[in-house]
Amino acid sequence: MEREKLLALYHWTQGICFRHPGRGETATTVVKTIHPRADGEYHVRACRDCVIDMEAIREEAAAESGSKYEPGHAGEALG
Ligand SMILES: [Zn+2]
């Protein structure tokens, strides 16, 4: 899948990528919402490079398991 089409599936806002905190604020998308406590909520944000990476991992895993790859759910690569 083309990078631009893949990125267009996500909603981008400024934030800190969970894998690249050193880059500071950049265009990120929420890939996962974690509830560390009953009343808490933590958004895992990923930058464009990471979303492309995660989608590639998912596509590969889908090919290996023979399941259908559906782009737009990068967070599922996080388990
Ligand atoms: Zn990143």
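The model is predicted, so local features are reported only where pLDDT is at least 70, and side-chain atom pairs count only at pLDDT 80 or more, whereas totals for chains, interfaces and linings use all residues. Residues are numbered from 1 along each chain as its sequence is written.

**Overall architecture**

The protein has two helices and three strands. Both kinds of element are DSSP runs numbered from the N terminus: helices are runs of H or I with at least four residues, and strands are runs of E with at least two. Along the sequence, the elements follow the pattern α-β-β-β-α. Taken along the principal axes, the C-alpha atoms fill a box of roughly 35 × 30 × 20 Å.

Two residues are in contact if their C-beta atoms, placed from the backbone, lie within 7 Å. Among contacts between residues at least 6 apart in sequence, 36% join residues at least 24 apart.

**The sheet**

Strands of a sheet pair through backbone hydrogen bonds, either parallel or antiparallel. Here, two strands are said to pair if DSSP finds at least two bridges between them. Strand S1 (residues 13-16) pairs with strand S2 (residues 25-34) in the antiparallel sense over four bridges. Within this pair, glutamine 14 stands opposite alanine 27 of S2. S2 also pairs in the antiparallel sense with strand S3 (residues 42-47), over six bridges. Here threonine 28 stands opposite cysteine 47 of S3, and threonine 29 has alanine 46 of S3 as its bridge partner.

Together the three strands form an open sheet in the order S1-S2-S3, with antiparallel pairing. S1 and S3 stand at the edges with a single partner strand each, so one side of each is left without a neighbour in the sheet. From one strand to the next, the twist averages 60 degrees. Such angles run from 0 to 180 degrees between N-to-C directions, and the axes are lines fitted to C-alpha atoms, for helices over the stretch in contact.

**Helix H2**

Helix H2 (residues 48-65) lies across S2 and S3 and runs at about 90 degrees to S3. H2 has 18 residues and reaches 26 Å from its first C-alpha to its last, close to the 26 Å expected at 1.5 Å a residue. The expected span is 1.5 Å times one less than the number of residues.

A residue is buried if 20 or more other C-beta atoms lie within 10 Å of its own, exposed if 12 or fewer do, and partly exposed in between, with C-beta atoms placed from the backbone. In H2, Val51, Glu55 and Arg58 are buried. Seen down the axis of H2, these buried residues fall within an arc of 60 degrees, so they line one face of the helix. The arc is that of the directions from the helix axis to the C-beta atoms. The buried residues of H2 pack against helix H1 (3-7), S2 and S3. On the other side of H2, Glu60, Ala63 and Glu64 are exposed. After H2 comes glycine 66, whose phi is positive, near 75 degrees.

**Burial and the nonpolar core**

Of the 79 residues in the protein, 16% are buried. In soluble globular proteins, nonpolar side chains tend to be buried together. The largest nonpolar core consists of eight residues: Tyr10, Cys17, Val31, Ala46, Cys47, Val51, Ala74 and Ala77. A nonpolar core is a set of buried Ala, Val, Leu, Ile, Met, Phe, Trp, Tyr and Cys residues joined through C-beta atoms within 7 Å. Leaving aside its neighbours within four places in sequence, tyrosine 10 is in contact with Thr29 and Val51.

Aspartate 39 is found in the loop between S2 and S3. Aspartate 39 is exposed because it has 6 other C-beta atoms within 10 Å. Lysine 32 lies in strand S2 and counts as partly exposed, with 16 C-beta neighbours inside 10 Å. Apart from its neighbours within four places in sequence, lysine 32 is in contact with Val44, Gly75 and Leu78. Glutamate 59 lies in helix H2 and is also partly exposed, with 16 C-beta neighbours inside 10 Å.

The table gives C-alpha separations for these residues.

| Pair | Separation in sequence | C-alpha separation |
|---|---|---|
| Aspartate 39 and alanine 8 | 31 residues | 32 Å |
| Lysine 32 and valine 44 | 12 residues | 5.1 Å |
| Glutamate 59 and glutamate 2 | 57 residues | 13 Å |
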